[in-house]
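Here are a few notes to keep beside you while you look around. Take the points in order, with the viewer open.

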Amino acid sequence: MTIDPNEAATSLQDIATIERRTHEALLYGGSSGIFVMWGVLVASGYGLVEFYPRSAMIIWLAITAAGCAATALIVALRRRACAQETSDWRLVWALAALAAFGATWSYLLGPIVPRPLMYSFQPTLYLLGIILAGLWLGRFFVVLGFVGIALIVLGHLQSEPWLRLWMAAVQSGTLIVGGIWLGRSGVSQ
Amino acid sequence: MSGVNEVIHQAMRLRIMAALNAMSLKKAAIEFTRLKALVGATDGNLGAHLETLERAGYIVIEKRFEERKPQTRVRMSPAGRRAFAEHVAYLREIIDSAGA
């Protein structure tokens with residue numbers, strides 16, 4: 001059996017396609033837990049703020065810090081297991097930059113901007129980050145980001161107290177359902 | 001230039017080996033249904049090609065029960081990893097020698 005150059009090129013192209021698909025599935029599988037964790041954290045944040053409204057800023061800062069630390073830990077553990085994965089840290093740094101940007105502007109704009117708009121600012125900022133990351137990582141992240149932003153914008157048709165409930169359900173729900181879907185369509189090692 | 005590996009070169013088996021080789025952990029196993037989706041195979045087709053690869057010693061098939069459901073997991077053996085790397089090198093050599 002002999003292989004001509006065209007056939008060899010087609011085979012190499014086929015290999016590259018499957019490798020890209022497998023890396024995407026591995027990334028989906030690996031991100032699943034991170035998304036579910038953020039969903040649970042966001043739901044806890046809304047729950048705690050409901051009971052301690054005066055400590056809202058501290059609660060959200062603590063939630064963001066806990067989420068970033070847990071994400072960094074998950075990525076570090078994964079990197080230890082898979083020495084050749086290199087892109088994860090850049091994602092964590094991007095997430096940390098977005099969190100710092102969102103927290104700073106929330107602090108500065110909080111006293112001026114109407115509260116209902118502040119419910120949407122940070123979540124839509126993170127979802128925008130997910131959309132942008134999705135342009136490189138996989139189309140599911142783009143879809144998840146757009147669905148999340150659309151649901152958040154739709155929430156502004158409601159008024160208090162339904163608005164807060166809507167935001168809590170939509171923001172945590174998008175992350176949890178998205179995370180579960182990632183786990184189902186991805187591959188874990 | 002080493003010769004063509006006919007076990008690996010078949011289109012579906014090449015895809016299976018590419019998917020298993022792309023797993024970042026050396027001993028990582030992938031579930032049958034996930035592998036089927038990745039390479040675009042049918043149940044019967046994938047099963048037959050996996051058997052061929054297993055007979056050649058390139059993959060290891062593990063069968064176990066998870067939550068009372070039978071689960072088949074597939075992983076690449078060190079021999080399979082070596083053979084795949086050699087086959088890819090062979091394909092590149094063909095292209096390089098054609099371009100020279």
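In what order do the 3 strands of the open sheet in chain B lie? Bear in mind, as you look, that this is a predicted model.

1. Start with that sheet. The order across it is β1-β3-β2 in chain B, and the pairing is antiparallel. That leaves β1 (29-31) and β2 (59-66) of chain B as the edge strands, each pairing on one side only. From one strand to the next, the twist averages 30°.

2. Now zoom in on one pairing. β1(B) and strand β3 (residues 69-76) of chain B run antiparallel and are joined by 3 bridges. If you want a landmark here, find Glu31(B), which stands opposite Arg73(B) in β3(B).

3. Two helices pack on this sheet. Helix α3 (residues 32-39) of chain B touches β1 and β3 of chain B, and its direction makes about 85° with that of β1(B). Helix α4 (residues 43-55) of chain B touches β2 and β3 of chain B, with its direction at about 125° to that of β2(B).

4. Over to chain A, for a helix pair. Helix α5 (residues 139-155) of chain A packs against helix α6 (residues 162-185) of chain A at an angle of about 165°, and their axes are 9 Å apart. An angle over 145 degrees counts as roughly antiparallel, so that is how α5(A) and α6(A) are arranged. The crossing of α5(A) past α6(A) is right-handed.

5. What meets what in that pair? On the α5(A) side, look for residues including Phe140(A), Leu144(A) and Leu151(A); on the α6(A) side, Trp166(A), Met167(A) and Val170(A) are among them. The residues of this contact come out as 10 nonpolar, 4 polar and no charged.

6. α6(A) has another neighbour to check. The axes of helix α4 (residues 115-137) of chain A and α6(A) come within 10 Å and cross at roughly 10°, so α4(A) and α6(A) are roughly parallel to each other. Pro116(A), Tyr119(A) and Pro123(A) of α4(A) make the contact with Leu163(A), Arg164(A), Met167(A) and Gln171(A) of α6(A). Those residues divide into 5 nonpolar, 1 polar and 1 charged.

7. Finally, see where the chains touch. Chain A puts 22 residues into the contact and chain B puts in 21 residues. On the chain A side, helix α1 (residues 5-51) of chain A gives the most, with 14 residues. By type, the side of chain A that touches chain B has 13 nonpolar, 5 polar and 4 charged residues.

Methods: Residues are numbered from 1 along each chain as its sequence is written. Chains are lettered from A and ligands numbered from 1 in the order in which they are written. This is a predicted model: local features need pLDDT of at least 70, side-chain atom pairs count only at pLDDT 80 or more; totals for chains, interfaces and linings use all residues. Axes are lines fitted to C-alpha atoms, for helices over the stretch in contact, and angles run from 0 to 180 degrees between N-to-C directions. Helices (H or I, at least four residues) and strands (E, at least two) are DSSP runs, numbered from the N terminus. Angles under 35 degrees count as roughly parallel, over 145 as roughly antiparallel, 65 to 115 as roughly perpendicular and the rest as oblique. A crossing is left-handed if the near helix is turned anticlockwise from the far one by less than a right angle, and right-handed if clockwise. Two residues are in contact if their C-beta atoms, placed from the backbone, lie within 7 Å. Ala, Val, Leu, Ile, Met, Phe, Trp, Tyr, Cys and Pro count as nonpolar, Asp, Glu, Lys and Arg as charged, and the others, Gly among them, as polar. Two strands pair if DSSP finds at least two bridges between them.
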